[in-house]
Amino acid sequence: MANLVDKINERHIRKDIPEFRVGDTVRVDVWVKEGKKERIQAFEGLVIAKKGGSVSETFSVRKTSNGIGVVRIFPVNAPTIDKITVVKKGMVRRAKLNFIKKMRKEYKVKERN
């Protein structure tokens, strides 16, 4: 039974997603539908969490827009995601950076080679 589920899930996993970790700065290009028109909208920010696995894997990206912190959760295998670009590789010592949501100051992330 589990083999059949894995085979079905394998078809839906996207192969064009780059390798990224928590602490990396990424630009996610998302298809946005406005009325009858469709366009690509970029959302660039810090990856603060990755969750799940295989088909149901999600990641949270945080950016500050006009001094207000915005967190957006993306499913990795969603068809609405056009592409994901890793802008900067960061090094952090946590698996989840949820404490950043409560911080007043900007959080500094060390660069990873």
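Modeller: The protein exposes about 8400 Å², of which carbon and sulfur atoms supply 51% (accessible areas come from the Shrake-Rupley method with a 1.4 Å probe, and for residues only the protein chains shown count as cover). This is a predicted model, in which local features need pLDDT of at least 70 and side-chain atom pairs count only at pLDDT 80 or more, while totals for chains, interfaces and linings use all residues. Residues are numbered from 1 along each chain as its sequence is written, and side-chain values use heavy atoms, with hydrogens and water left out.

Along its principal axes the C-alpha trace of the protein spans about 50 × 40 × 25 Å, and of its 113 residues 29% count as buried (buried means under 20% relative accessible area, exposed over 50%, and partly exposed in between, with a 1.4 Å probe and protein chains only). The protein has 1 helix and 7 strands, and read along the sequence they follow the pattern α-β-β-β-β-β-β-β; here helices (H or I, at least four residues) and strands (E, at least two) are DSSP runs, numbered from the N terminus.

Now to the sheet itself: 5 strands form an open sheet in the order β4-β3-β2-β1-β5, with antiparallel pairing, where two strands pair if DSSP finds at least two bridges between them. Because β4 (68-75) and β5 (81-88) stand at the edges with a single partner strand each, one side of each is left without a neighbour in the sheet. From one strand to the next the twist averages 40 degrees (axes are lines fitted to C-alpha atoms, for helices over the stretch in contact, and angles run from 0 to 180 degrees between N-to-C directions).

Let us start with the pairing of β1 and β5. Strand β1 (residues 25-34) is joined to β5 by 6 bridges, and the two run antiparallel. Threonine 25 has its place in β1 and stands opposite lysine 88 in β5. At 17% relative accessibility, threonine 25 counts as buried; leaving aside residues up to four places away in sequence, threonine 25 touches Glu44, Gly45, Leu46, Thr85, Val86, Val87 and Lys88, where contact means heavy atoms within 4.5 Å.

Strand β2 (residues 37-51) and strand β3 (residues 58-65) run antiparallel and are joined by 5 bridges; they form a hairpin with 6 residues between them, and glycine 52 in the turn has a positive phi of about 80 degrees. Strand β3 is also joined to β4, by 8 bridges and again antiparallel, with threonine 64 standing opposite glycine 69 in β4. The hairpin of β3 and β4 has 2 residues between the strands, and in it asparagine 66 takes a positive phi near 55 degrees.
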